[in-house]
Amino acid sequence: MRSAIGAISIGLALAAMPASAKTVVVRAAHMVDVLAGRTVDNAQVVITDGRITAVGKAGDAVPAGAETIDLGARTLLPGLIDMHVHLTSDPRLSGYRGLEFTDNFWTVVGVANAKRTVEAGFTTVRNVGSANFDDVALKQGIQAGYIAGPRIVPATYALGATGGHCDSTEFPPSIKVPSPGIANSPDEFRAAVRTMRKYGAEVIKVCMTGGVLSKTDSVGGQQMSLEEIKAVTDEAHMLGMRVAAHAHGTAGINDALRGGVDTIEHASLADDESFKLAKAKGAWLDMDIYDDDYILAEGAKNGVFEESLAKERAVGRKQRETFRAAHAAGVKLLFGTDGGVYPNGDNAKQFAKMVEWGMTPMEAIQAATRSAAEALDKTADVGAIATGRYGDLIAVDGDPLADVRVLEKPAFVMKGGEVVRAAP
């Protein structure tokens, strides 16, 4: 009897012991240190149980039994962060083409897009708007190990006014498309923030002005009052969430900044006053300056409304000029692409546009790493190859500081110490 009890006790003790830590050592000829803004050679990164435990030089001591991944002459970078995506969208099904499919079809689209996105080297994304709380479902599925994908910061439904960019404006009055994100007063917007938070939102997205791909509104027209946006930011900040404001037009951008939003999405018609407000408030501009190429090249055959194409023709180049002016003025800029307006997975095509319109390659990379982590308030977890952060790494052939386009085809991707794309 005693021996049986003893065996049980030993078994329970063993079960209580932690499993042996998994350690991976990654080496590469070069590494981009986005915190210091420089490249270091002969890099070695040690990752234990998904987090970085040491960053040093090849040849430094490593734990016994560690798995080693030698990336040879490649350049190592932190996993990239896209601050503006819609994983449950497919631009090939634009306009009325999406009505061919059942509601939950878009969740399946999101599963495929999540895989494409992480394999493209984007290990963290902020999903700023999806129906049916699909982005929360994707996040949960990824965390539980059912599907592959990036770390997701979900916004759930984007909030906006009746008839605005975040409403369904493409239908006649006989067709009703109710949404928990539609509100029309400060109190209603406060309630909407609470509802989104209740069902999984970690950031709040609002539609402050009209947009390109919505019908019946002007791209720059303001659609929320200063009082309404203040209600949103007050409520969100009280709940520990940040606020992203879709805003193309000048008046809407400036009222959003006065109202305390944390990031301005698109910012196409921002002016000098916008830049002053953003700097005074510590806000970031998040400008999707690759989209214009894709929309104008592919939009018509994809079903994009002709009025939307006309709006894009009017605003696309202006947005890029605004990006250059904002950078020159010292405004804080982020990497956000509006993935889903172009095919998710092609996110890195924006780097070349950011360099073309004024940034250095290092600044563009920092916008998608160090700066994005700051804007997400996740500098303890992502955005740099640094001790304590997740083992989210990519490697590319060549030097991204000489040719930023090499980021479009990463040779290696790791998320949390697990290989997503193995180097050939």
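Student: How many residue pairs are in polar contact between domain 1 and domain 2?

Tutor: A polar contact is a pair of N or O atoms within 3.5 Å; within protein, one must be able to donate a hydrogen and the other to accept it, and residues adjacent in sequence count only if both atoms are side-chain atoms. Between domain 1 and domain 2 the count is seven residue pairs, both at pLDDT 80 or more. This is a predicted model, where local features need pLDDT of at least 70, side-chain atom pairs count only at pLDDT 80 or more, and totals for chains, interfaces and linings use all residues. Residues are numbered from 1 along each chain as its sequence is written, and side-chain values use heavy atoms, with hydrogens and water left out.

Student: Where do the two domains run in the chain?

Tutor: Domain bounds come from an automatic or database domain assignment. Here domain 1 is 23-78 + 383-422, and domain 2 is 80-376. Contact, meaning heavy atoms within 4.5 Å, takes 25 residues from domain 1 and 24 residues from domain 2.

Student: What area is buried between them?

Tutor: The size of an interface is often given as the accessible area lost when the parts come together. With a 1.4 Å probe, and summed over both parts, the figure for domain 1 and domain 2 is about 2000 Å², with 69% given by carbon and sulfur atoms. On the domain 1 side, Val34, Val404 and Lys415 lose the most area to domain 2, together 26% of what that side buries.

Student: How many salt bridges does the rule find across the interface?

Tutor: The rule asks for a side-chain nitrogen of Lys or Arg within 4 Å of a carboxyl oxygen of Asp or Glu. Across this interface it finds one.

Terms used: Buried area is the accessible area (1.4 Å probe) that two parts lose on being put together, summed over both.
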